Amino acid sequence: MCGIFGYVGNRSNAAGLAVNGLKSLEYRGYDSWGVAWKEGSALGLRKETGKISGINPESLPACSLAIGHTRWATHGGVTAANAHPHLNEDRTIAVVHNGIIENYQELREELKAKGHVFLSETDTEVIPHLIEEYLKETDDFAHAVRLACQRFTGRYGILAVHTTSDTIVAARTGSPLIVGKAPDGFFIASDTPAFLEHTRTVQYLDDGEMVITNGKSIIFSDLKTGEEKLKREIEITWSIDEARKGDYAHFMLKEIMDQKESVARAVNQNEEEIIEVARAIENARGTFLVGCGTAHKACMAGEHFFSIVAGKHVNVAPASEFKLYHRFLRPESLLIAVSQSGETADVLEAIQVAKSKGAKVLAIVNSPGSSIARAADYTLLINAGPERAVASTKALTGQLAVLMLVAYALAGKLAEGKKLLLETASMINDMLNPRYADYLSRVADHIKAKEDLYIIGRSWNYPMALESAIKIQEVSYIHAEGFAGGELKHGPIALIEDGMPCIVLAGNDEVLPDILSNAVQLKARGGYVIGVAPERNEIFDEWIRVPDAGAAQPIVNIIPIQVLAYFLAVQRGKDPDMPRNLAKSVTVK
Ligand code: F6R
């Protein structure tokens, strides 16, 4: 949530770089944006509501130091005054912030009593004012930032600048910050796509760390003690093209199409690592899978993979509920944390809970070097490449593929699992052809005016029914709900009306007769039954054909729903890449 960007160096277009960097971070928040830059001995500032997409980077003045922010509102509405950067009264200090300063009210009162005047409703605005207070005690700007940070409770990634120095000071506690080292300066941002076109050499800040850079050199230190730290440089392997939309109208469509290759990339794992992970699951006394939203649905499907493929019981919880599981945890427990971004606050909290009980953690993530990957004892990367659209698509199928692979390894059948998944990847390649997309666009056209839509599935298709609902809700704003097929008759069936679209997810599996009989129940109440299945059935009013993929059925069944959700959004005039109220990386609880 919220994207932050900073550059200092030899280039004279720092403010323009900030605008471009923020455009790449807009998936983290897009209700308002702002940039501050160093102009001689003053700070220039531009803040606006709405998306940054329209602004020409060259319209900003020449400068060699700038910081910027794209916002997902938490404290205070969407106004230019609440947009970052925030400044102190005499406009000598500017700050951008991602996260939440939990004790901001108390600090605000304290600062008000000292005469400070606030112009916004944000928690962030206390930061420049507090730094100003500490600058009365020290003339070292970085030290003043350090002292201010020691007063904050909550989570933050901040960048701060001052008119008297040509440095950016950054601090991290809970919200991601990554340094990009280029030959002509340093970048600091919430995520790597912000500077990927300038450098692939990165250094990750850990919690409780600070960075000071003047564009020529950089110093990492402990936020509390000031003790200097050495940081490893890491080369990012993601390509710039992967982070771009290319000829596609939207990132969501591009990322759906990327699945032609990304599922195969997910399968491309180091076998020894997979076997080591499988052994850890085998030896664990209690394995818990957690994730949020779409990743949680991958975990739910994972439960079925482990059960059906390996006969192994695992526990699943939304990461936001996991802290209540602390009573079940012990040093022999294993937490499997699934996340695309690797930065989700609820998942990080679950990891903390597990670690506090001495349990081990396996991360299944997309972002290499992310906080979750670094906090884990074992990490498996899903290799989906950058996912920019808010709605997760290729990350989900990558997560499913890796979970399946681990389940097969656990069953001692890794080669079989790998073969099945590679066959599935090739089926996805065949499936995602223009004719298929046209057909799904026509299905979308037929149902786009509906305000309600239901999806049912059983076994591993039940989590995919829940995921289908998320996908359709978040981009098209149709009220979509997923149910376990067998649960229909216990309540939800009362909602079914004549002509209501009802999607039925099916596979050639042990629950096929049951889900078909649920489809009959829907049809008998007037439901317009859209079957997603390898074989046509007379119950279906519409048949969306999918390959028969055995244990990989959930992977192939969700893909047409992703395409359908995309077309529903576009045909209803919505921007599928930036749905209202949402942000890609949810770094608040
Ligand atoms: C929905 C979606 C979200 C994320 C959730 C977790 O399309 O993208 O539900 O799945 O916010 O995010 P990660 O996977 O980054 O932890």
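View 1. The buried residues of α11 (buried: under 20% relative accessible area with a 1.4 Å probe, protein chains only) pack against α5 (251-267), α6 (271-283), α10 (394-410), α12 (434-447) and α15 (553-571), where contact means heavy atoms within 4.5 Å. Helices (H or I, at least four residues) and strands (E, at least two) are DSSP runs, numbered from the N terminus. In this predicted model, local features need pLDDT of at least 70, side-chain atom pairs count only at pLDDT 80 or more, and totals for chains, interfaces and linings use all residues. Residues are numbered from 1 along each chain as its sequence is written, and side-chain values use heavy atoms, with hydrogens and water left out.

View 2. Leu414, Gly417, Leu420, Leu421, Thr424, Ala425, Ile428 and Met431 are the buried residues of α11. They lie on the same side of α11 because they cover an arc of only 145 degrees around the axis, taken from the directions from the helix axis to the C-beta atoms.

**View 3. An open sheet of five strands**. The order is β22-β21-β23-β24-β25, with parallel pairing; two strands pair if DSSP finds at least two bridges between them. β22 (479-484) and β25 (542-545) are at the edges with a single partner strand each, so one side of each has no neighbour in the sheet.

**View 4. Strands β23 and β24**. β23 (residues 501-505) and β24 (residues 528-533) pair in the parallel sense over five bridges. Ile503 stands opposite Ile530 in β24.

Terms used. Buried < 20%, exposed > 50% of the residue type's maximum accessible area, 1.4 Å probe, protein only.
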